[in-house]
Structures are given as structure tokens and as C-alpha cells.
Amino acid sequence: MTVLSGRPLAIPSPSRNPTLYGWLFDAYPSGSGMAVWLIDADGQAHMFHDDFTPAFYVRGPRQDLHDLCQMLRARRAPVELDRTERIDLFLDRPLEVLRVGVRSPGLLTRLFRQVADFNPYLTYYDADIPLPQRYALARGIFPLAHCAVEHEAGRIRHIQALDTPWEVDYQLPPLRVMAMRLGGELRNPARGHRGDLLVQIDGEEYPFKREHSRQLLLGVRHLLERLDPDVLVTAYGDSYLLPRLLELSRHHGIPLPLNRDLDQAIAHKPAHSYFSYGRIVFSDEQHLLFGRWHVDRQNAFLGDDYGLDGALEIARLSGLPVQTVARVSTGTGISAMQVATAWRRGVLVPWQKRQPESLKTGLDLLAADKGGLVYAPLMGLHEHVAELDFTAMYPSIMVHFNLSPETVGAKCCEGVPVPELGTPVCSHRQGLVPETLAPLLEKRNQYKARIRELSEDDPRKEIFRRRYSAHKWLLVTCFGYLGYKNARFGRIEAHEAVTAYGREVLLRAKEMVEARGFRVLHLYVDGLWIDKPGAHQRPDYEALLEEIRTQTGLQIGLEGVYRWLAFLPSRVEARVPVANRYFGTFEDGSIKVRGIEARRHDTPTFVRETQLGMLEILAKGQGVAGFRSAVPSAINYAARQLQRLRAGQVPVRDLLVTHRLSRRPDEYIARTVAARVAQELTLAGVSLSPGERLRFLLVPGPEKARAWELIKGEIPYDRQAYLQLFLRAIESLLAPVGVDRATLETWLLGEMSYWGPVGLLPPQGTDGRWPLLANARPVRAEYSLLATSAFRELQRERFAPTRQAA
Amino acid sequence: MGRTLPSITQTFLQEQQSLARFRRALRLEDQRALDDLLAASRHHLAEAAYASHLLPFEIMLLAMLVEEHKQVIRLRDELETLRWEGHGQEGSKP
């Protein structure tokens, strides 16, 4: 039955029942089984019923299990009870468990809750696997699988997948998409923005006046019934459009067939805020449909990064429904993939994990409780720097060294000791996590190769890029989930083993780099920045890369060779570099930036565009000298931008600042700008939750800022405040050649514009002479305090007579 | 986040804080020199973390020495160069 790995299965044998070929579109509990939707090659949707009895498992003392069975029988619960054997992941042997099969899948959650309340001290397994995923696993299919369905009187007799999730160039069903949004600029209607409803389908746009709600409702209903879309793609559908349409439907007494399955009510999940990685995140309410997908672009996780193509790929791989995948983090996807691996192995999936951290001595803890290696780079501007990156380092380590919760610290064999820690890792059976990740890494490599092969005008190229990006996010989250206490297959020791191997591998690479005469400028978890006189081209690094691959067993690639690369100092302590604040230009002219304003989400578009515009000018310079000679042009560009800013010509939407609310509006004590905006919105009747993003304009006068949603047309902005943001962004770019804030202000705001020939930048000879931070060998590091202060002195001398004359 | 022990940066800041009274009592020029030394040791936090030393301050001191010694080497090289240039062009640098 299982087809989740390996090659496609044979076409089913002929039978008397009709067979339909189509793609699995949706599956959800309905009556005694599942409602299953398929879309055929003509785009026609078909619904079938499939009897299905999902089960959860219970382990505990015999008497307690007996009492549980008595309780269920007494309540006449629709269950099947039997004893069976399933494997425990950590014990690696079968255990006798009670199987509770639920004949009405829709009742499973409620029934399980009753059981867990009846006896919370028993151990429960397989209790919270989402039903669509269970069903797909049980039938050996997956979302969007191409299936052959043998059916009779609307019931499935046999269903079989004809492809596998590991296909690279797979076919998808023809989907009819209906797009829905409010007219005007894309603003959050839940915060007061109003507009006519615009519906797009089959290349036509249908506007509906918001004043005529009855006609609007009838119009949407007509389009849904006549054109029967498969997917509803909305902007703010979850938080505004769908709830508002449903409200109108109730008000006018006109049913609105948003669901294809009219027997189901639309599923609603309320909004909530939660903590993730030390910050508060807001998850908006959700409206999920049956027999049709609703995807809200404004409520999608990383929607811009991998789009619907990536979401469909994650759905195929994880077995989770598309509507879920479009809204949750990729961590949920990787977790579901691990559940699928466990299910196929017959391994029990714990309901509430009981895997506490094992006892450690202080010294053990000191050795283990560390992350990846994050060095302090050699500050300043460098040229001909190569960046080497390990490909998907942590997932590759898990696969290569067999790191999984059940293999790290296993006592079944002598094992292989983890570097630094000495914890043995089982070497006789493949771990659950490596088994899950290995095919994913393989598929990612295949996409990488295909993307490289395909020409730019091939439409598949962009689709493959998005799927590749989806894989990247799945792989990124798999490491975090290994150490997450609530993850089903998380265990801190496995997490620590991964970082220990990561450090070992990076240091081994560093040693090989240095043995070949390269200098290490920076090391960052899975990347190395290196240079060597004379090494300017890709072939200069091939032998080194090959040696690292052979010695570490992991894939490493050359990200590129930079024409020039700047590592920046901390804003707080200028003598100290920051590991992830850098920018540079590769040999092909492409730009890479990290940690500067252009990468920050809260930076206004205008400032970001100015910074990127300057970077493009600087990128034309070859090497350090080229960078220096491009500075005057970059400054001229900045001066033109500044002129627009100071003349009040920049449109409001390009000046919006984004801020994430860290608490409820009434909890703010200090009157920060964000607090003022939150208050303005609250007074306008908008309810805000922690974690929600605010977008606002900085304005002159006592109010300081205005919420974007409440601004009508163009209004004056606070030029002084934006000027500061503007200068700060430019300073980041020019700091590596010793241009500080005072100099910038002189150039851009003084009566004299940038007038200097390049020689006015700190002379080459003064670079890198700051006593402690210069290298032992002669360096090219250009940024230093000395350079800056020397430059300032120089400026003062040059300006003194001018000022006196003025 | 999720860590049992303070990170190496937190440890560094604690150590720096513990020197606050010493720093305050120093003359201004000495304070600057001390700040330079502390900044120098901050350049080697990754290495210090990897060392997992029970007494991180010892590693911090070593990091300062490393930077100081690099500086001595560099100055010595420069001095040698200047000396050979000053001696005329009759001999090459040994």
C-alpha cells in the first residue's frame, strides 16, 4: 500500500467498477469515513466517500486499560478496541498497546479528549496526527498525487497513487482560480480600509460596489455557481473578506456557496498570539473551505518566498492539506514528514512527548550547550574574497552522521562518539530523522541541477526555484525542531550533537583552507570567507573544495568570489565587528547584503531603494580601488534622492515604517511611536493583538506618527526623522572607507556638496593601522577608528578656512 | 533562548561589568588602553566559546595577549623594513 518512497506503482488491474484518473485535491472527515475530492484532467471536480477508521493507541497497566475499555463501552462510543503491538522509537522493540479505532473519524478529537481526561496518566500515541494526513498515509496517497480511483455508487473501492512525492517534474491538475480583493491600495480592511470588491476569474475582472451589498452577494454567488473555481485566492480573506461575506449572507438570507461541499460549514480558527524565538508572533484568524481551497496571500507563511508552487510541493511532501500548509510554518511540514516516516515504520507517535533532558554534569553542559561557530570577521573592505558554504549543513550532518533523537546516546551498540561531547551515536540502524531528510536533500539537489540546466525562458525554471526554496525552508526548520522540547521527535542531545559536528566540520575546513595558504576573514556556522593573493577565479578554489568534500563527507560549494566585500563594525562599539553585517559584490555583478538597512523589514521602501541604488553604483567598482572611485557617483545619486526627500516629493507608501506590536495597546507605558499608532488605531475602533504589524508614517507635530490605514491621500511627512534614517543607511555603506556621519552631513547637508576627489577619502596609507585590531601580517582592512578620526581631522583642517571665510 | 548556560557574549559582558570599578579608578589614558584590550578580546569570543573553559576570563586575557603579540610582530616587521631602507640599498633584507 505504501507508495511514499520508491518508483510509481503499476496501473491497477482491470475490474468491473469504473476507474477515475485524477489528482487528490481534498480529504476531510465526513460521516463514517472521509470525503475525498479529485480533479480530473479536464478540471472537473469529483467527490467520493471512503470508509475509514483512524486509531490511536494507549499503553499502561492492564487494569487501567481494562477500565478505559469499560468506560468506552458504557458510553456506547463508536470504537473498535483490540490489543496489538507497535514499535517504540526509543526502545526499538514492539510494545503491547490498546488500539482504539474510531468509526466516525470526525469524532476522533472529541473522543480522545474524553479518554485522556478519564485517565491522564496513561501513555497515548498517534492521537493528534491530522486526519487528512492519516487518511493519506493509510491509503498510500498524498495531496495532489495523481491517482487511479476505482469507485462504485460514489464510494471508493480502491485508490492508488500513480506517482510519488519524490517526482521532480510532476504534473498538477488544471486549477481554476478566483481572486478576490478590495479595490484601491492593498491595505488591511480590518483596520478601516474600504473599497469595492474586485473578483477576478478566467482573465475577467468583476467589480462589485460595496454600497450595494445584496447585489454584491448575488454577484459573487453567481460567479461561484457558474464558474465553480477550485481555489479562492484572497487578500485579507481570512480576517475580513470571508467573515464579511458570511455576515452579509446571513443578513440578507442568501446562502453563499463558498464551500463546494454544501453539507459542511466553513471551518473557522480564531486569531492568536504566541512566542517564537524570543519574539511575539500574531497568527490571524483562518477560514478554511471544504472541496475548495482558500488561500489568503496576506495570511500566508513566507508566501512571497516560495508562493503557491512551494506550498503545493510542501503539501505533497508532508501530506498536510494545502490550506494548512499555506498558513503554517514549514516546521509543521517537517514535523509531519517525520510522523509519516514513523507511521511507515510502524513506530508509535507520542502524543505528549516524555523525553526530558538527561542528567549532565556542569562540565558536560559547558561542552554541549553551544551553538554554531560565529566568528568576528576582519572588519573593513576586502577584495577577491571567496565565500564557501556548506550545502544545507545541519540537515546533511544529521543524515551523514545519523543524528536522530533515538540514535544519539543509544545503548544498543558501541556507536560513534560525537566530537567534543563523546556521546555515542548508534551505527547499526538508520535514525528516523535521517531517513526523513535523506530523500529531501536528494530531491533538492535534483532541483538545483535542473534549475542550472534550464534556460531562463523555460517556465519550469521559476516553478523549480520556488520548490527549491520551499525545500530550503523545510530543511532550515528541521534543525530547530530537533531541539524543540515540544517537537514529537525532538531531543536536546541530538540537537547538541548536530552543533558539535557543525563546529568540528567548520574547523576542519578552516584548517584545510589555511594549509593551502588562504587567509580566513570570517567563519559563520556553515560558511567561510577566505582570500589569498592571486586567487581571483572559481578554478582557484576547486581543489580546496574537493579536499573539504572528501575530508568532511559533506557538500560544500563556492557561493562566489567577491569583487569587494565589506564587513561592518557594530553601531554600539565601533571597534568590534558584527558577524552578520556585511555587503559585497560578486564577480558577476550580483550584490549580497546582510544585516544592513536594505535587509531589514522595518526600513521604509525609499530608504531601502536609496541604499540599493547606491550599492548598484558601488558594485560597478572592481576591487577596493574601484569601490573608492565609485563613491562620488554614489554620493551624487544619494544627493538627488535627498533632494526629493527634502522637497516632500516622496510618496507616503514609500515612507512607511513597519513595527511589530510587542504587547497589547493598553499595556504600553512609554509613549513610543508604535504606542501612539496603536492608540490611534484603537480609538478608530480597530482591535489589535500582540505580534501584529503596524505600518505608519512619521509626521511632524506632536502626534509624531499616523497609521497608514487611516491616512487619506498624500500628507506631509517628518522630513527630519526620515533624514536621520536616510543618513544612517548611507553611513552603513560608506563606513568601510572611513566616511562617518559628520562627513556625510558635510557632504550632503552642508553648503558644499560632495566635492572631493577620491583622495579626500582616508588615504590608503592610514588604513588598518588601529593598534590592536590590525593583523600581524600587513592587511587590507580599511575601516578602523584611526582611519575615521584621522579623516575627521583632515576634514576639519580643510573646512576651517572655508567656514571662517563664510 | 532555550539555553541553560549564558552565551559567551553574555559572559563577556559580565566580566567586563566586573571590571567597572577598576576601570573607573584608572586614569583616562589607561581607561582607553583597557577598553582597547577588552575590544581585542571581544574579537575572539567564538574561539572562547569553543574552548568551553571553566574560567572564561583566562581565555579573554589570552585573547588580549594574542592581539598584543600580533601587534608586536607587525611593529617589529615594520621596524626591520624601515631599518633596512634606512641603511641604504646595498643589501637586501635578510
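A:L388 has A:L528, in strand 23 of chain A, as its bridge partner. This is a predicted model, in which local features need pLDDT of at least 70, side-chain atom pairs count only at pLDDT 80 or more, and totals for chains, interfaces and linings use all residues. As for the labels, residues are numbered from 1 along each chain as its sequence is written, while chains are lettered from A and ligands numbered from 1 in the order in which they are written.

Strand 19 (residues 380-390) and strand 23 (residues 527-531) of chain A run antiparallel and are joined by four bridges; two strands pair if DSSP finds at least two bridges between them. Strands here are DSSP runs (E, at least two residues), and helices are runs too (H or I, at least four), numbered from the N terminus. Both strands sit in an open, antiparallel sheet of six, ordered 22-23-19-24-25-26 in chain A. At its edges are strand 22 (519-524) and strand 26 (591-594) of chain A, each pairing on one side only.

Now for a pair of helices. In chain A, the axes of helix 11 (residues 432-453) and helix 12 (residues 459-482) come within 9 Å and cross at roughly 150°. Axes are lines fitted to C-alpha atoms, for helices over the stretch in contact, with angles from 0 to 180 degrees between N-to-C directions. That's why helix 11 and helix 12 of chain A count as roughly antiparallel (the label for angles over 145 degrees). Among the residues making the contact are A:L437 and A:Y447 of helix 11 and A:F464 and A:L475 of helix 12 of chain A, where contact takes C-beta atoms, placed from the backbone, within 7 Å.

Technical notes. Angles under 35 degrees count as roughly parallel, over 145 as roughly antiparallel, 65 to 115 as roughly perpendicular and the rest as oblique. Two residues are in contact if their C-beta atoms, placed from the backbone, lie within 7 Å.
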